[in-house]
Amino acid sequence: DISAILNNPRVGAVLHAGVPAVAAIGLSPLLYGLVSPAGRLVQTVYPASFATQLSIFDMNMRPGPSKWPAPGCTNPDRSKCPMGTNPGRTHRFYTGTPVLPFGFGLSFSTFAYEIVSAPDLRTISLAPLREMLARNEKLERTFAAAADNVAATQYAVKVTNTGTMKADDVVLGFLSPPSAAGVPIQSLFA
């Protein structure tokens, strides 16, 4: 949990370098403010309490009761330990408040966003998606293939750099479906 670092008024940002020995040459311009970062987090950064709720053996993605004892139980008879609670994993299922969410990123510039075109959400037809799913079911596939390029809708977003530094931005689109059991609370779609 990096909350204490992020809450320190003397720390302006945290840069996750991955493999610093390989990235050292590329990091120098970022650290000296010569170029602006445009990367995004590829994982959710959980609070420390996440580790106290979930056994390392519980690999379930969806939130709910765990089949494994809660961490921290010191009783040698593990059958007498209370079961853990799974708060969900990844941005798709995590129900808590992350320290940093999936897709978070900072820049040395600022940006303005304008939705140029968006569909009327009352008229979206799911027929093309249903046809694709039926086709995949006949092929006994449980995934969409690149050839299944089916769009239920399209959005156009204009991104304008409003800052003084040349910079790029990555726009992420998330779907949050109506509440339903077992489905992700959000999915990255663009």
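Tutor: Let's start with Tyr155, which lies in the loop between helix 5 (127–138) and strand 4. Helices (H or I, at least four residues) and strands (E, at least two) are DSSP runs, numbered from the N terminus. Before you ask: this is a predicted model, where local features need pLDDT of at least 70, side-chain atom pairs count only at pLDDT 80 or more, and totals for chains, interfaces and linings use all residues. Residues are numbered from 1 along each chain as its sequence is written, and side-chain values use heavy atoms, with hydrogens and water left out.

Student: Why is Tyr155 called partly exposed?
Tutor: Buried means under 20% relative accessible area, exposed over 50%, and partly exposed in between (1.4 Å probe, protein chains only). Tyr155 has 40%, so partly exposed it is.

Student: And what makes Val11 partly exposed?
Tutor: Its relative accessibility is 29%, so Val11 gets that label too. Val11 sits in the loop between helix 1 (3–7) and helix 2 (20–31).

Student: What is the nonpolar patch on the surface made of?
Tutor: Patches take residues with over 30% relative accessible area and no salt bridge; like charges are joined within 9 Å, nonpolar side chains (Val, Leu, Ile, Met, Phe, Trp, Tyr) within 5 Å. A salt bridge is a side-chain nitrogen of Lys or Arg within 4 Å of a carboxyl oxygen of Asp or Glu. Here the patch consists of Tyr113, Ile115, Leu121, Tyr155, Val157, Val159, Val171, Leu175 and Phe189, together about 870 Å² of accessible area (Shrake-Rupley, 1.4 Å probe; for residues, only the protein chains shown count as cover). Strand 3 (111–117) and strand 4 (156–161) are the elements giving two or more residues to it.

Student: How do you know that Cys73 and Cys81 form a disulfide?
Tutor: A disulfide is a pair of cysteine sulfur atoms within 2.5 Å. The S to S distance for Cys73 and Cys81 is 1.9 Å, which meets the rule. By that rule the count is 1 disulfide.

Student: Why is the disulfide of Cys73 and Cys81 called left-handed?
Tutor: The torsion about its S-S bond is about -75°, so it's left-handed.

Student: Is Cys81 buried or exposed?
Tutor: Buried, because its relative accessible area is 6%.

Student: How does the radius of gyration of the chain sit against a compact globule?
Tutor: The chain has 22 Å, whereas a compact globule of 190 residues would have one near 16 Å. The radius is taken over C-alpha atoms, and the globule rule is 2.2 Å times the number of residues to the power 0.38.
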